[in-house]
Amino acid sequence: MANKITEDIYFKVKKYIEQQQMIMGGDVILAGVSGGADSVCLLYMLSELSKELGFDLVTVHVHHGLREDADKDAAYVEELCNKLGVPFYLRQVDMLGYAKEMGLSSEEAGRRLRYQAFEDVLKEVHETNKVKVRDRTAYKIAVAHNKNDKAETMLFNLFRGSGLKGLGSIRSVRDNIIRPILCLGRAEIETWLEQRNIAFCIDSTNEDDTYTRNKIRHHILPFAEEQISKNSVAHISDAADVLAETEDYIRKQTLLAYERCTYELQEKSVQIEDDENDGLTLDLNIFRQEEPFLQKMILLHCMEMLTPHRKDITKEHIAALMEISSKGGSKELFLPYGLTAYKQYDTLVILKKAEKSNGLTQISETCPQRSVLVPGETEVPGLGTLEFKYLEKNEFFYKKDQIIPQKTYTKWFDCDKITGVLVLRTRKTGDYLTIDSTLRKKSVKEYMINEKIPKMQRDSIYLLADGPHILWVPGYRISQYYKVDESTKRILQVRLKENDNG
């Protein structure tokens, strides 16, 4: 460490990583390094921390094919990695071509392509075994967002019109994506690099006010810091943290309230004139007992369940639903995506018309059973491609008393405990899970209710089944009975290949 200033900044990042539980010993970290100040700081920080915390570091540089000096940036990052002894991977993409093909903004296209590059490198590192790992889920993607980015994003979302989720801005950890220097402001990063005599590249596009974020960066935040408070960025970032926590809490309360409003209707017959529609029903007697704010959140949750995109659901739609829910008599309301809401006695019914083809209504059918081949792959609608293969004990790196990771996209099962033919299917009467070390059983129906899985989704979730014994409820948990332990000889690995880590 060069001096007290750089030491303080370094230990601030180290403490932040530990508080947020971003990195564990034995992890493999894929760091996105563009060559700019933020990412170069990230590279050096992680390189030094890897020695203390015991993780492996790999660098990914994405060449977007936009600027003439982009080749120099890539060469500089490679030079830094060689100097630090960090493996370097270069990926070249056609950002503008992809944006045009997919109908995206250049910023969104770049974001998607970067995360796809991370996934490609992750796969290469994993398949070539170039880095030893403690288990097969210890991969994380580190990106170099900082406190200024968080403040800019919050203001950007606020100006465009956003709810709590957008105002919560950038999270420190999301799935397998981590942001180790999110605790630092841009000035701290540049100070740290200057004190260490570390050079970095300057992206000319960052100076272009064509991009809305750059306008916020160059004009709005500097004005706030100069004219209102020198700590404006820190205050906005802190507010985003509070709003993110608030959004998490409200989401949990909304799900509980939604379940209260629908639970009593599970055994209650509600007459719906057109049974060729998907939909849901709220008990208005219970709904009206909730606070007005929570009522709006319940209605928004209902809309999210029935529509493909939240962005087309506006406050006007929620206000209209609130109005018909509060009035007497029968009311009807037409909503986006072919939704129709109507009040029937003390219930609010929201229906989604089934799509029609050749004049015939397409009715959702029960998901068919799908056989499992090992090794092999199986396509599961609404989930993705599941890859099945056998592992020997030494391939799994199992140690006594090891805690098996709980990642949602890869699971492991003791092969010798599987007695029947494995299939993927929806739930049936009599299905059960074992839920603890005493092998206590719980019905799948009871489990789904306890987990607050919406009623409309329960009959469409594919389960991995060994007869009536369910090995895995994807996205939730596996049965305790099939877990790998020290006596396991052969392992069945099930991996979701098309999970969303973006």
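Here are the stops, with what to select at each.

Before you click, know that this is a predicted model, where local features need pLDDT of at least 70, side-chain atom pairs count only at pLDDT 80 or more, and totals for chains, interfaces and linings use all residues. Residues are numbered from 1 along each chain as its sequence is written, and side-chain values use heavy atoms, with hydrogens and water left out.

**Stop one: two helices**

Select residues 4-19, helix H1, and residues 37-53, helix H2. Helices here are DSSP runs of H or I with at least four residues, strands are runs of E with at least two, and both are numbered from the N terminus. The axes of H1 and H2 come within 11 Å and cross at roughly 60 degrees; axes are lines fitted to C-alpha atoms, for helices over the stretch in contact, and angles run from 0 to 180 degrees between N-to-C directions. H1 and H2 are therefore oblique to each other (under 35 degrees counts as roughly parallel, over 145 as roughly antiparallel, 65 to 115 as roughly perpendicular, and the rest as oblique).

**Stop two: helix H6**

Now pick residues 147-160, helix H6. Among the buried ones are Met154, Leu155 and Phe156.

**Stop three: a hairpin**

Jump to strand E8 at residues 331-335, which runs antiparallel to E9 and is joined to it by five bridges; two strands pair if DSSP finds at least two bridges between them. Show lysine 331 and you'll find lysine 343 of E9 opposite. Three residues lie between the strands of this hairpin, where tyrosine 337 takes a positive phi near 60 degrees. Then select E9 itself, residues 339-344: six of its six residues are buried. Leu339, Ala341 and Lys343 are on one side, with Thr340, Tyr342 and Gln344 on the other.

**Last stop: an open sheet**

Finally, find the four strands ordered E14-E15-E23-E16, an open sheet with antiparallel pairing. Its edge strands are E14 (376-380) and E16 (410-414), each pairing on one side only. From one strand to the next, the twist averages 25 degrees. Zoom in on phenylalanine 413, which stands opposite leucine 492 in E23.

How values were computed. Buried < 20%, exposed > 50% of the residue type's maximum accessible area, 1.4 Å probe, protein only. Expected span 1.5 Å × (residues − 1).
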